[in-house]
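Open the model in your viewer and keep the selection panel at hand. The stops below say what to select and what is there.

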Amino acid sequence: MVLVEQSLNGLQFGLLLFLLAAGLTLVFGIMDFVNLAHGSLYMMGAYFAATFTAWTGSFILGVLLALGATLLLGIVLEFVALRHLYGRDHLDQVLATFGLILFFNDAVRLIWGPAGLALPLPAWLTVPVQIIPGVYYPAYRLSIIIVALAVAALLYVVVMRTRIGMLIRAGASNREMIGALGINIKLLFTLVFGLGAALAGLAGLMQAPILTVQIGMGENILILAFVIIVIGGIGSIRGAFLAAIFVGMIDTLGRAFLPDLLRTVLSSAAASTAAPALSSMLIYLLMAIVLVVRPEGLFPAAKR
Amino acid sequence: MKLQINTSNVVVALVAAGLVVLPLYSQLTGNIFILTLFTRIIIFALAAASLNLIMGYGGMMSFGHAAYLGIGGYAVGILAFEGIGSGFIQWPVALVASALYALVIGALSLRTRGVYFIMITLAFAQMAYYIASGMSRYGGDDGLTIYKRSNFGGLIDLSNRVQFYYLCLGCLFGGIYLIWRIINSRFGLVVQGIRSNEQRMQAIGYHANRYRLVCFVISGTICGLAGALLANNTDFISPAGMYWTRSGELMVMVVFGGMGSLFGPVIGTIFFLLLEELLSQFTEYWALIMGPLLLLIVLFARGGIMGLLGRFNRG
Amino acid sequence: MKKTFWLAGAMALALAQPALGADSIKIGFVSTFSGPTAAIGNDMRNSFELALDHMGRKMDGKPVEVIYEDDGQKPDVGKQKTEKLIQSDKVDFIVGYIWSNVLLASLKTAVDSKTFLISANAGPSQLAGELCSPYVFSTSWQNDQTPQAMGTYMNQKGVKSVFLIGPNYAAGKDMLAGVKSTFKGQVVGEEYTVWPSQLDFSAELTKAKNSKAESIFVFYPGAAGVQFLNQYAQAGIKAQIPLYTAFTIDELSLPLQKENALGVPGAQQWVNDLPNPENKKFVEDYRKKYPNLRPTFYGAQSYDAAQLINSAVVAVKGDVTKKDAMKAEMEKANFKSVRGPFKYGKNHIPIQNFYLQDVVKDADGQLALKTVATIVKDSQDGFHDKCPMK
């Protein structure tokens with residue numbers, strides 16, 4: 001029973017990470033662009049959702065408006081600043097987008113104040129649901145799992161079955177070629193960036209009712225998303241999906257069972273302190289091991 | 001390297017001379033704080049210079065350099081806590097510990113390239129951060145106060161502001177001299193050759209990763225020295241100083257000044273930390289200016305301040 | 001090029017600013033005004049400003065000048081700001097400090113320069129014990145005191161077993177140890193979460209639920225407290241296992257926690273409805289001066305810090321060079337604290353009452369904190385024996 005519930009916790013966390021990582025890996029894989037400000041878009045998604053929900057009084061409407069707003073913000077950001085950074089080396093991109101993080105954090109503080117916002121759930125999402133006899137699970141966490149799986153399936157269909165998806169795949173493996181084919185590559189890049197932004201916004205607003213909407217909320221989770229796309233192989237949606245679930249499971253199950261495991265070898269007090277430090281290191285350790293064994297991640301996108 | 005009289009060299013000479021006479025100014029005006037502020041700037045300049053060695057000359061984008069600041073600092077802090085106050089023990093331990101850490105991390109990380117390298121160095125630095133947070137004997141997350149600065153017998157008194165300032169300045173100039181010697185040595189030329197064309201250097205018969213690793217370890221060791229100085233300067237060490245944003249700030253300092261320019265990191269650090277100090281006095285929203293400024297520098301002034309000076313010279 | 005020189009010149013000028021106003025009382029205030037926890041710093045500043053307003057912005061007839069500095073929640077920055085205030089601005093008092101690590105980093109600078117430092121929040125055990133100093137006073141508490149009061153309350157309520165959850169950093173460990181030191185029932189489980197990066201407490205909540213403990217105790221300050229309560233309510237555990245808290249629900253987090261916090265008890269040395277006239281004035285004027293905001297215990301402690309300084313300045317008739325006389329006066333805690341009267345231990349940490357607070361709907365239908373009972377009277381921290389001061 002406990003294992004079922006903890007596995008669901010891990011799955012839900014992993015799928016949420018996937019939403020964030022998917023946008024990141026798309027942008028990274030296709031434009032070869034490292035976007036640290038992805039975490040800021042995640043934050044903006046949450047702030048937009050909280051604001052629009054308060055305005056309209058409807059959670060669903062607020063969420064839809066917020067998705068549109070994040071998409072728009074992503075497109076504007078790409079158009080004004082980021083497209084000038086394509087083709088630069090990764091260091092330039094890391095620094096410029098690091099600057100954007102600073103900017104967004106303070107801009108949010110200026111607009112919404114430092115205290116953060118709340119995004120309350122509608123009543124029908126706050127009740128625990130019985131999934132199998134005797135096991136109750138929060139309805140909202142269950143809905144995250146469903147939405148994220150649906151998005152994953154949709155992404156799969158778009159990328160593997162449509163013309164846009166074909167161009168995206170072509171762009172990921174050979175950028176010059178699709179330019180040579182006469183495709184409007186600038187437009188494609190802008191669209192992909194907007195899509196990535198909307199995915200980040202979706203992750204942010206889905207997470208918002210569980211956590212809070214606050215400044216800097218994107219930074220810790222951004223690092224996790226980077227870990228995921230690096231483990232999964234940059235540019236690979238499939239890799240990001242599997243790595244995200246893997247990381248979510250390891251993180252949650254590590255926290256759930258590591259302390260008890262350690263208690264069998266260490267004193268109780270030492271185990272309770274060592275366990276959280278160890279379980280938060282597990283993910284980084286996993287990434288280090290993967291990179292040492294497979295320097296391009298588990299599922300490298302086709303060689304450039 | 002032939003010494004030329006041009007704008008950038010004049011500026012560098014002026015800045016260096018300014019740093020040398022700063023304590024005099026501080027004594028004359030009674031402004032002690034400027035000395036305190038610049039001691040910190042000089043220490044960070046040393047850390048930035050060490051990062052510049054691998055970033056600017058070696059082409060290795062380390063996103064985890066704050067870890068060395070922490071390791072050097074914790075070596076001093078932990079030894080002081082355990083009752084070993086002699087700098088003749090503390091400092092060598094700080095250097096060796098940083099070097100060893102760099103050796104292990106470097107050996108593993110250098111298997112990767114590009115953005116994977118950025119991420120793996122970040123991952124290792126985060127692990128170091130969590131280990132430091134978990135050391136409950138040494139204060140864990142709250143950090144460790146260092147009651148007595150490193151003791152060098154009668155040689156130098158680190159508690160004396162002016163003496164400590166000159167020690168830091170000496171370390172900075174020494175570090176830059178060392179880096180200058182390295183990049184102009186055969187070893188340094190090979191490392192720079194590997195940066196611009198790894199395959200060619202491999203083909204000529206150089207074992208690229210071995211050269212890279214040595215360079216990585218030297219850089220980490222110098223940064224460990226900066227960590228030992230920083231711990232003595234703040235009389236305090238905590239995991240907060242090892243967090244990934246600190247690594248990011250070090251990169252910003254290097255790029256502000258101009259990557260791959262010997263004195264660039266010093267100029268960049270002075271610029272970054274003074275600007276931060278100044279902006280934070282005007283407004284709490286200083287990041288609102290600093291962020292876009294960073295973006296603009298990356299977009300339009302790729303060589304940083306030193307690059308701008310060079311352009312002025314040519315134009 | 002020219003721009004660079006211009007900028008360098010501007011910087012040199014700004015740094016060379018001479019000290020202002022010779023005959024005024026200068027106070028430095030170090031707190032967090034940027035980043036995710038800036039709301040706490042703002043509340044402290046608001047309350048300190050209000051206290052100055054109430055004094056006519058004068059202490060013993062001398063104008064008061066306050067310089068606020070942002071520590072960005074980083075120990076080394078806090079230390080640097082403390083140095084600037086002492087060395088460059090030459091302040092007579094230095095106040096503030098939310099975080100234990102920032103305070104511990106800054107302490108030596110203040111003590112070495114014999115500048116009075118008043119901690120308006122941070123209360124690490126070292127400050128009460130071996131690091132106590134004639135120049136350091138607290139208007140808050142020592143970390144262990146609040147959870148000890150909570151443990152006592154749980155005994156009073158007849159709670160038999162508890163599951164403890166807290167963040168894995170020094171204050172978190174102090175808090176859990178504090179509860180354990182007074183709680184007489186059984187501690188079924190004890191979980192530490194990664195601070196500050198862990199966002200999701202589902203694994204810990206599932207464990208607590210399955211542990212069959214009669215109660216849960218948590219310590220999560222700031223945004224983490226909002227997250228914890230959200231998840232606690234959504235998981236449906238709120239209906240099953242009651243929650244006891246320390247520093248998890250305050251006026252800053254309550255507007256975000258909303259109904260989730262209803263009926264969740266906490267312990268505190270100050271609550272907004274304590275029935276003394278000074279407190280009424282403080283709370284009412286605060287809400288008038290800063291509409292839409294409510295003061296927190298951080299603010300109350302800052303308000304008291306201003307009063308403590310004022311008492312010292314008045315006692316020496318404005319001659320702030322008489323440090324011994326000021327110290328002697330401050331040790332008497334001779335001012336009307338908004339928490340009601342308290343005494344100082346020899347380590348300069350308050351000996352004070354702790355109250356039980358609960359979340360209720362007030363007259364306007366808004367959620368508010370309310371005093372329910374006094375849990376302990378004249379609680380003193382457990383580290384005063386280690387303080388070498390007499």
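Select residues 114–134 of chain B, which form helix α5. Helices here are DSSP runs of H or I with at least four residues, strands are runs of E with at least two, and both are numbered from the N terminus. Helix α5(B) has 21 residues and reaches 31 Å from its first C-alpha to its last, close to the 30 Å expected at 1.5 Å a residue; the expected span is 1.5 Å times one less than the number of residues. Of its 21 residues, 18 are buried, so α5(B) is largely enclosed by the rest of the structure. A residue is buried if 20 or more other C-beta atoms, placed from the backbone, lie within 10 Å of its own.

The model is predicted: local features need pLDDT of at least 70 and side-chain atom pairs 80 or more, while totals for chains, interfaces and linings use all residues. Residues are numbered from 1 along each chain as its sequence is written, and chains are lettered from A and ligands numbered from 1 in the order in which they are written.

Stay in chain B and select α2 (residues 32–57) and α10 (residues 244–257). They pack at an angle of about 75°, with their axes 9 Å apart; axes are lines fitted to C-alpha atoms over the stretch in contact, and angles run from 0 to 180 degrees between N-to-C directions. The two helices, α2(B) and α10(B), are therefore roughly perpendicular, the term for 65 to 115 degrees. Among the residues that meet are Phe44(B) and Leu51(B) in α2(B), and Leu250(B) and Val254(B) in α10(B). Contact means C-beta atoms, placed from the backbone, within 7 Å.

Now show chains A and B together: 36 residues of chain A are in contact with 34 residues of chain B. On the chain A side, the largest share, 15 residues, comes from α4(A). By class, this side has 27 nonpolar, six polar and three charged residues. Nonpolar covers Ala, Val, Leu, Ile, Met, Phe, Trp, Tyr, Cys and Pro; charged covers Asp, Glu, Lys and Arg; the others, Gly among them, are polar.

Move to chain C, where six strands form an open, mixed sheet in the order β2-β3-β1-β4-β5-β6. Strands pair if DSSP finds at least two bridges between them. Which strands stand at the edges? They are β2 (58–59) and β6 (136–138) of chain C, each with a single partner strand, so one side of each is left without a neighbour in the sheet. Strands β4(C) and β5(C) run parallel, joined by four bridges.

How values were computed. Contact = placed C-beta atoms within 7 Å. Buried ≥ 20, exposed ≤ 12 C-beta atoms within 10 Å, placed from the backbone. Parallel < 35°, antiparallel > 145°, perpendicular 65-115°, else oblique.
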